[in-house]
Amino acid sequence: MTARNPPNIKTAKIISSFNVEITWGSGEKLMVDLCQVINENPAFKPLQKPAFFNRMTTDDWGHAIEWPDGLDIGADRLYDMGRQQAGLPTVQAFNEWMKRSGLSLTTAAEAIGMTRRMIAHYRTGSRPIPRSVWLACIGWDCQQRHHSRHQQKAA
């Protein structure tokens, strides 16, 4: 896996119980539902109390949201959660597509009609992956399966 460089948290505000709206340095605004993280991780049990959850702040560098007693959730995790919950592609999904398809930066760029440089940005998370790019990845997968089936029938 390559190094990650998620956008910094510009602002984070509590919208409702366990729901935080985050504005990212990239300009994106994503809602993140933290309910599952809070309920499944014993370390976050104090956040189940609304009075404690409401003490949320962002760290000084925009790398996490945090609470007293050292509880925090990093920007990279929040960014992926927000994109996934919004039905948008994540860096992890993009990297899994490249690996599953056996694609390098160059061959991935050729496959979906992008530059190698943009593929590198999407792979590291330094730029958000547009829905249209993700749809191109899905379309490429379908095309490859179709091509593979026709080759099997011909053999």
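**Helix, sheet and rings**

After helix 3 comes G87, and its phi is positive, near 75 degrees. Please bear in mind throughout that this is a predicted model.

Three strands make up an open sheet, ordered 1-2-3, with antiparallel pairing. Strand 1, residues 9-16, and strand 3, residues 29-33, are the edge strands, and each of them pairs on one side only. On average, neighbouring strands in this sheet are turned by 25 degrees against each other, if direction is ignored.

If you want a place to look on screen, find S16, which stands opposite N19 in strand 2.

What does helix 3 pack on? Helix 3, residues 75-85, packs on the sheet and touches strand 1, strand 2 and strand 3. The direction of helix 3 makes about 95 degrees with that of strand 3. As for burial within helix 3, the buried residues are A75, L78, Y79, D80, M81, G82 and R83. Note that the list includes D80 and R83.

Now the rings. There are 6 aromatic pairs in the structure. One of the pairs is W24 with Y79, in an edge-to-face arrangement, with 5.1 Å centre to centre and 80 degrees between the planes. Why does this pair tie together separate parts of the chain? W24 belongs to strand 2 and Y79 to helix 3, so the pair ties together parts that are 55 residues apart in sequence.

W24 has 0% relative accessibility, so W24 counts as buried. Y79, at 2%, counts as buried too.

A second pair is F53 with W67. The ring centres of F53 and W67 are 5.7 Å apart and the planes are at 35 degrees, so this pair is tilted. F53 sits in helix 2, residues 50-53, and W67 in strand 5, residues 64-67, so the pair links distant parts of the chain, 14 residues apart. F53 and W67 are both buried.

Last item: F94, W97, Y122 and W140 form one aromatic cluster.

To take away one point, helix 3 packs on the sheet, and its Y79 pairs with W24. Questions, please.

Notes:
Residues are numbered from 1 along each chain as its sequence is written. This is a predicted model: local features need pLDDT of at least 70, side-chain atom pairs count only at pLDDT 80 or more; totals for chains, interfaces and linings use all residues. Side-chain values use heavy atoms; hydrogens and water are left out. Two strands pair if DSSP finds at least two bridges between them. Helices (H or I, at least four residues) and strands (E, at least two) are DSSP runs, numbered from the N terminus. Axes are lines fitted to C-alpha atoms, for helices over the stretch in contact, and angles run from 0 to 180 degrees between N-to-C directions. Contact means heavy atoms within 4.5 Å. Rings of Phe, Tyr and Trp (its six-membered ring) pair if their centres lie within 6.5 Å; planes under 30 degrees apart count as stacked, over 60 as edge-to-face and the rest as tilted. Buried means under 20% relative accessible area, exposed over 50%, partly exposed in between (1.4 Å probe, protein chains only).
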